[in-house]
Amino acid sequence: MPGINIGVDLGTSNVRFFVEGKGLALTENSVTASDIRSGRPIAIGSKAYRMIGRTSERVQIHYPLRHGVVSDFTACQDILRYYLQIICGNRIFKPNLVISMPSTLTGLEQRTLLNIAASSGAAKTCLMEKALACAIGAGVDYRKPRGAMVVDIGGGTTEIAVVTMGCLAQHESLQIAGNTFDEDIRRYVRRERDILIGRLTAEEIKQKIGCAYLRDAEIAIAVKGKSYLTGMPVLFEVNTTEVFLALREHLEQIAEAVRSTLSRTSPDLLSDIAERGILLTGGSALLPGLAGCIERKTQIRTVAAKDPANCTVLGIGETLRHMDVLSGSGYLFKIQQEAAEPA
Ligand SMILES: Nc1ncnc2c1ncn2[C@@H]1O[C@H](COP(=O)(O)OP(=O)(O)OP(=O)(O)O)[C@@H](O)[C@H]1O
Ligand SMILES: [Mg+2]
């Protein structure tokens, strides 16, 4: 294959690119902004992300994916084409892509993703199960007949999977993840304080003082919002206990889904998992106490992987080196597609 091989983790919150021979090349927000009248994109990635909640009536914000699935074809195409152009520059041959996908993606959704890749400038595209990429990125030797459990908690989805010999033995996908936590915080502040806060403010609160357990020593931060009663700006304090109370229900649902996936797992795989422990990946694995939450529910040691947010893209990057063999044998990739070769 003459073009360069690029791994793409097309996430609900972030899109990450891994270039073969170079490593992690780019991480950007999965957001675009377009002009309502012309429909043309005016900002892509972090530039569009900073516009969230601050747009005029002429500008519309687009989220290309919802819960890990393409929800806006054009925005997804814009984002992929833009960054592939930055990475590939004026190369003669189009790049080959490996894109991660949730294990629950339907045939139609897979085909949509392949069409987007082809129309964004890819020569050949393979799709790879996200949970498998996470496991490889977290350091699991995927070829061995030994069970490992990976829980990938990103922005839009939580993927729970038991991996063995390069395949998934059990898997479950939840539509509860980082974005749900942000919404939980917004709803809590609205209900308990009669104050409205924006999406980015909620995310900031979560990243600064969010935790999945009741801290002995509370920490508080001051944030700005809008009073629901007066319509005026207010400065108020929010603390770790309040954030925990806001997230508690959904944290419990994630832990319960992990327990239920384990209960469906065969005894031998289960003992491998008990020995190795459960691995947490995805940006939301950075939430303090989340591992403890799952550990208490399952009684199995749970740890966040090294560099959890990048596990998926690093796992795809690892498989890029074997792309010819793997895509040919259909071992790791569900579908592949040939498009016109040179640009
Ligand atoms: N320190 C932190 N504490 C809590 N959450 C965090 C932290 N840092 C990042 N996050 C959250 O991680 C999420 C993004 O994670 P990630 O980049 O893995 O998602 P994604 O891969 O784009 O989404 P998905 O895999 O669900 O499609 C966001 O919700 C973000 O707020
Ligand atoms: Mg992800």
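User: In which loop does D194 lie?
Analyst: This is a predicted model, in which local features need pLDDT of at least 70 and side-chain atom pairs count only at pLDDT 80 or more, while totals for chains, interfaces and linings use all residues. Residues are numbered from 1 along each chain as its sequence is written, chains are lettered from A and ligands numbered from 1 in the order in which they are written, and side-chain values use heavy atoms, leaving out hydrogens and water. With helices (H or I, at least four residues) and strands (E, at least two) taken as DSSP runs numbered from the N terminus, D194 lies in the loop between α5 (178–193) and β14 (195–196).

User: Is D194 buried or partly exposed?
Analyst: D194 has a positive phi of about 60° although it is not a glycine. Buried means under 20% relative accessible area, exposed over 50% and partly exposed in between, with a 1.4 Å probe and protein chains only. At 27% relative accessibility, D194 therefore counts as partly exposed.

User: What is the relative accessibility of H67?
Analyst: H67, which is not a glycine, also has a positive phi, of about 50°. This residue is placed in the loop between β7 (65–66) and β8 (69–70). H67 counts as partly exposed because its relative accessibility is 24%.

User: Which residues of α10 are buried?
Analyst: Eight of the 10 residues of helix α10 (residues 311–320) are buried, so this helix is largely enclosed by the rest of the structure. The buried residues are C311, T312, V313, G315, I316, G317, T319 and L320.

User: How are α2 and α3 oriented to each other?
Analyst: The axes of helix α2 (residues 73–88) and helix α3 (residues 107–119) come within 9 Å and cross at roughly 45°; axes are lines fitted to C-alpha atoms, for helices over the stretch in contact, with angles from 0 to 180 degrees between N-to-C directions. Contact, meaning heavy atoms within 4.5 Å, is made by F73, C76, Q77, L80 and R81 of α2 and T112, N115, I116, A117 and S119 of α3. Angles under 35 degrees count as roughly parallel, over 145 as roughly antiparallel, 65 to 115 as roughly perpendicular and the rest as oblique. The two helices, α2 and α3, are therefore oblique.

User: What share of the residues in the protein chain is buried?
Analyst: The secondary structure of the protein chain comes to 11 helices and 19 strands. Along its principal axes, the C-alpha trace spans about 60 × 60 × 35 Å. Of the 343 residues in the protein chain, the buried share is 54%.
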